[in-house]
Structure formats: structure tokens, C-alpha cells
Amino acid sequence: MKDYLTLSEASEIIGKSKETLRRWDKEGILNAVREPVSNYRVYRKSDVQNLLGSLFNDVIEDDVSNCVEPENEYSVLELFAGAGGLAIGLEKAGLKCVALNEIDKWACETLRKNRPNWNVLEGDIREFNFSDYKNKVDVVTGGFPCQAFSYAGKKLGLNDARGTLFYEFARVVQEVKPAICIGENVRGLISHEKGKTLNGMISILNEIGYNVAPVQVMKAINYRVPQKRERLILVGVRKDIDIEFEYPKPHRKIYNLADALKKGELYECDVPKSKGANYPDYKKKVLDLVPQKGYWRDLPLDIQKDYMGGSFYLGGGKTGMARRIGWDEPSLTLTCSPAQKQTERCHPDETRPFTVREYARIQTFPDDWQFAGSLAQQYKQIGNAVPVNLAKEVGHSVVKLLNEFYKSSKPR
Ligand SMILES: C[S@@+](CC[C@H](N)C(=O)[O-])C[C@H]1O[C@@H](n2cnc3c(N)ncnc32)[C@H](O)[C@@H]1O
């Protein structure tokens, strides 16, 4: 069993940069020790776990509120809607969904099942024309999948992006002309093609009449979500509107797995029982050996090598592999398939993945939001979603901007 963590492993587990950890060492917040042979800085695992406990469990008064009441009725057209994580969050912030487009049959079924009055447009976005919504919608949102562009010239124009789903997002924004458009994506978009993809998107939004707010990667744990998920938000404000989009302020209180699954501040009762996936036998035997907050490094060496295969010899902490989440820490990012190798997030007390309802809670879906399709389809929809509480906070920022806009002008 391993009692020490390298600098990169400790930085991954705590979610702070190596520079911060070096500073903490100097300031005595988390002391490193020197590995006798290499003289590298390493951390006692128990010290890291104690620190994590205090980081996530200090009783903190959360005096931050981003809540703003809408002064008018504001409408949203939601593209790439999935199972509705973003849509429910915006609804909770007081915005009204006028239509949602989604290609996946089961995700559409989920949306219809829960909100029979929502106008769900099922099918490939490429097949839809949205000009009927021109000047009738305040916000267009979309979690378009990230794809590379082909660059002919130096500056990317809308036509150069043809064939990508971002093109479709921008095409709809151009057709509808909302006051605000919001793209949602993974952090990796920042470094995709060395930043060219993101810059291309910003220049296209500019070309079609939108100023893009400084791009931010939002950490879900700062927005009442018990999960270390990150989402990149791309906000465009129509150029005739001279108001800056203000991102929601981060909350001070950080929620953990117990807050997600047990009765408490986030939910009024324990998580409801539901179906869930199982690990295959070989994986269960391995994960049985991993303690709470532990991962593959906690296994005996021969099992580590056997289980990790080629990855054992690759660099990096790989702290998400064979991981058992602890009750007093936020969950690691949920993926679209809970038993998938390299990203196991095992239940703290039982050797199994989280059930569907546990998954939904970690993404802050309400308990009564039902998911359609097979178990695998349900996990996929939940794993793909923007956490509802994060979406709600973004919704408050949108409402704030729209209130100011409607006050300062007589739109439409
Ligand atoms: C990241 S998910 C969106 C999640 C959603 N924002 C939420 O919070 O639940 C992206 C969605 O885009 C959908 N999608 C992919 N290609 C599409 C297309 N050509 N037309 C319409 N939807 C598409 C996928 O089925 C998937 O549900």
C-alpha cells in the first residue's frame, strides 16, 4: 500500500495547481517531505486526506447569492438539449423554454416525459430552420460537440465552419438573433488545436454580431454541485446591447458526496432506491481492495500491474482510475458510462458504481426527473448533462443582463 503521493498526484487529488501546493508547503498549510533517493517533494497521503476533509467539510456560512428575479418573461431556445440539465437549471432561474432540439430519441423521450408542454423538436439540427423564432427569443443555448475546423485563411469565417455542429449553433443564432447566446462545452475546448478552435468560434460569433464575454471555465463545486466537474461557457451578447455579462459569483460552501446522497441541505431525503450498473467480477475483486478516497495506487503492486496493463508504465497520476469516492469529498466528474475502465467512481461503502438516481443527484437533477431508455441510455444522458445547479446560477446571470437590457431600452 502506498503512503505517499507525488506532487502531481496530490495536485490532481486536491484540485489545486502544483504552484499552489509549493506555496502551501512554504506556508505550512500542507507540508511536503523529501523522497530520500530522488529528493523529490512527496506528500503523506494521510496529510492530503486530512486537508481534503477540512477543505470540503468546514462549516462555512454561505452568504453568496446570485439570485435575481426576472422582471419580464424571458424565453430560451435550447439546442443540443440532451436530457435537459441546462434547460431545467435555466427554468429554475425563471427563464421559459420555448423549444428544444435534440437528435437522440431517448433524450427527447426524457424531455417529453417530464415536461409534456415543452416543444421538443426531435432530429438532426441540420434539418431544422429556426427563422420563425427570429426576434422572438431572448436566449439561444447549446452544448455543441467540439470538432476541428479546416482553416483556409487566417481568420475563420462562418462559412469555413460548415459541416461542424458549432456552425449549426452559429447559424441558428444568426437566424434567431437572440439578445444572448450561450455555448457550453468541455474545458478541453481551450486547448483544442492549440486554442485555434476556440478562437475561431469567438471570431465567428463576432462576425455574426455578438461580443463574446471573457471565456470562463466554471467549476461546478463552486455552484452548489457535489462534483468536481468543469464546464466552459461561451457567452455572446448582441452588439447593440452595451451591457457586460457578469458570471455568477462562486459560492463559499462546497458540497460533498454525503450532501448529494443523504438528507441535508441539498436534498430533503436520502437518495431514492433505483437500478444501477454492476462491475464485472474481476473489477469488483480489485475495487474491493480500494479504501474510501483511494485509487489504484492503494492496490498491492502485482494487482496494480495486472489491472492497469500498459497504463501502469505511462506517466501521470491517473488518480481517476480504480477510484473509490469518500463521503466527505465531492465526486469526481461522472462519465457517460459508470463501469468504464480508467474512470471508475466506486460507491464509498459498497463495491458498485453509483445507481441512476445517485448519478442524477451528483448532477443535481431533482429526484422526480425521470430518464427514458435502457440503463446505459439513462447513464449517458445524465453523464452528458450540465449540472442543474450550475445551469441555474448561469441562468441568474442571464436574467440580470436581460433585466438591465429591458430597462434601458424598449426592445422589439
Ligand atoms: C453535451 S450533450 C448536451 C447536454 C445538455 N446541455 C444537458 O445539459 O443535459 C450534447 C447533445 O447534443 C446532441 N446532438 C449531437 N449531435 C446532434 C445533432 N446533429 N443534432 C441535434 N442534437 C445533436 C447529443 O445527442 C447530446 O444529447
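**Strand pairing and a helix crossing in the predicted model**

Strand β1, comprising residues 4–6, pairs with strand β3, comprising residues 41–44, through three bridges in the antiparallel sense. The description given here rests on a predicted model. Within the pairing of β1 with β3, Leu 5 lies opposite Tyr 43 of β3.

Strand β3 is also joined to strand β2, which spans residues 33–34. The two strands run antiparallel and are connected by two bridges. Arg 34 has Arg 41 of β3 as its bridge partner. Strands β2 and β3 form a hairpin with six residues between the strands. In this hairpin, Asn 39 adopts a positive phi near 65°.

A second element of the description concerns two helices. Packed helices are described by the angle between their axes together with the distance between those axes. For helix α4 (residues 85–92) and helix α13 (residues 388–408), the axes come within 7 Å and cross at roughly 50°. The crossing of α4 past α13 is right-handed.

On the α4 side, the contact is made by Gly 85, Leu 86, Ile 88, Gly 89, Leu 90 and Lys 92. These residues meet Val 388, Asn 389, Leu 390, Ala 391, Lys 392 and Gly 395 of α13. Classified by residue type, the contact between α4 and α13 contains six nonpolar, four polar and two charged residues.

Note on methods. Residues numbered from 1 in each chain as written. Predicted model: local features only at pLDDT ≥ 70, side-chain atom pairs only at ≥ 80, totals over all residues. Pairing = 2+ DSSP bridges. Helix = DSSP H or I, 4+ residues; strand = E, 2+ residues; numbered from the N terminus. Axes fitted to C-alpha atoms, helices over the stretch in contact; angles between N-to-C directions. Left-handed = near helix turned anticlockwise from the far one by under 90°. Contact = placed C-beta atoms within 7 Å. Nonpolar A, V, L, I, M, F, W, Y, C, P; charged D, E, K, R; others polar.
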